[in-house]
Amino acid sequence: GRITATVRAFLRMPPPAGPLRLKPEYAKDYEARRAAETEATRRGEPPASAAVLCNPYGMPRMMAVASYPIEILPTPGQITIVTEAFSEVRRVYLDQPQLPADEVPPGYYGHSVGRWEGDTLIVDTVGIKESVPGYNGLPHSSQMRIVERFRLVAPDVLHDQITIHDPIVLEQPLTYTLGYRRLPGYKMVEFVCENNREYVDEQGRVRMRLGK
């Protein structure tokens with residue numbers, strides 16, 4: 001039946017993320033951008049984000065937006081994942097062949113197919129457009145593939161092990177794990193990005209609109 005869960009790092013602690021190793025032509029720019037974001041935050045100028053711009057987070061970041069809950073809806077032939085934050089929706093089609101990455105129209109969520117191996121749901125996702133920021137702002141190419149392994153590690157604790165493959169950007173696949181705790185009886189609430197008073201100026205800095 002329906003599962004509503006929220007990210008909880010302290011419950012059945014997921015293993016630490018694996019090493020992040022970008023190819024040299026991407027690493028320098030990524031490290032410079034992260035340093036600039038850290039400095040901007042120190043000055044009280046948070047960098048532009050999906051939340052500020054009212055853009056969807058997309059995959060894989062939508063699976064871990066702060067501690068907002070997600071809802072997992074199993075139906076025949078499909079599992080639907082809905083996030084409370086910004087009401088993002090993924091559809092995982094079960095027991096279907098994956099499409100070639102270059103045949104998937106690029107989008108925020110890509111094309112996801114899944115299959116069960118024992119008690120583990122393995123989900124393969126391709127087709128994330130390159131403008132969607134990746135894990136920790138990681139750049140990626142159109143060839144990025146996301147492989148997830150969902151498994152209950154306790155009656156009310158779900159782990160989602162995420163492995164990002166990208167032969168263009170990464171020296172080796174990156175793996176990290178999210179942990180969720182079941183929330184019995186929780187009802188999802190509406191969370192819409194509207195009336196946003198923050199904006200990004202011509203220098204790329206986040207500002208606040210004053211007045212009406």
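Guide: Start with pairing: two strands pair if DSSP finds at least two bridges between them. Strands (E, at least two residues) and helices (H or I, at least four residues) are DSSP runs, numbered from the N terminus. This is a predicted model, in which local features need pLDDT of at least 70, side-chain atom pairs count only at pLDDT 80 or more, and totals for chains, interfaces and linings use all residues. Residues are numbered from 1 along each chain as its sequence is written, and side-chain values use heavy atoms, with hydrogens and water left out.

Visitor: What makes S2 and S3 a pair?

Guide: Six bridges join S2 (residues 70–75) to S3 (residues 78–83). The cut-off is at least two, so they pair. The two strands run antiparallel. Ile72 has Ile81 in S3 as its bridge partner. Two residues lie between the strands of this hairpin, and Gly77 takes a positive phi near 80°.

Visitor: Which strands pair with S6?

Guide: S5 (residues 111–117) is joined to S6 by seven bridges, antiparallel. Arg115 has Ile122 as its bridge partner in S6. In that hairpin, Gly118 takes a positive phi near 65°. S7 (residues 145–154) also pairs with S6 in the antiparallel sense, over six bridges.

Visitor: Why is His111 called buried?

Guide: His111 has a relative accessible area of 16%. That is under 20%, so the label holds. His111 is found in strand S5.

Visitor: What makes the link between His111 and Gln98 a polar contact?

Guide: Their side chains make the contact at 2.7 Å. The term needs a pair of N or O atoms within 3.5 Å; within protein, one must be able to donate a hydrogen and the other to accept it, and residues adjacent in sequence count only if both atoms are side-chain atoms. So 2.7 Å passes the distance cut-off.

Visitor: Which other residues is His111 in contact with?

Guide: Contact means heavy atoms within 4.5 Å. Leaving aside neighbours within four places in sequence, the partners of His111 include Tyr93, Leu99, Val104, Asp124, Thr125 and Val126.

Definitions and conventions: Buried < 20%, exposed > 50% of the residue type's maximum accessible area, 1.4 Å probe, protein only.
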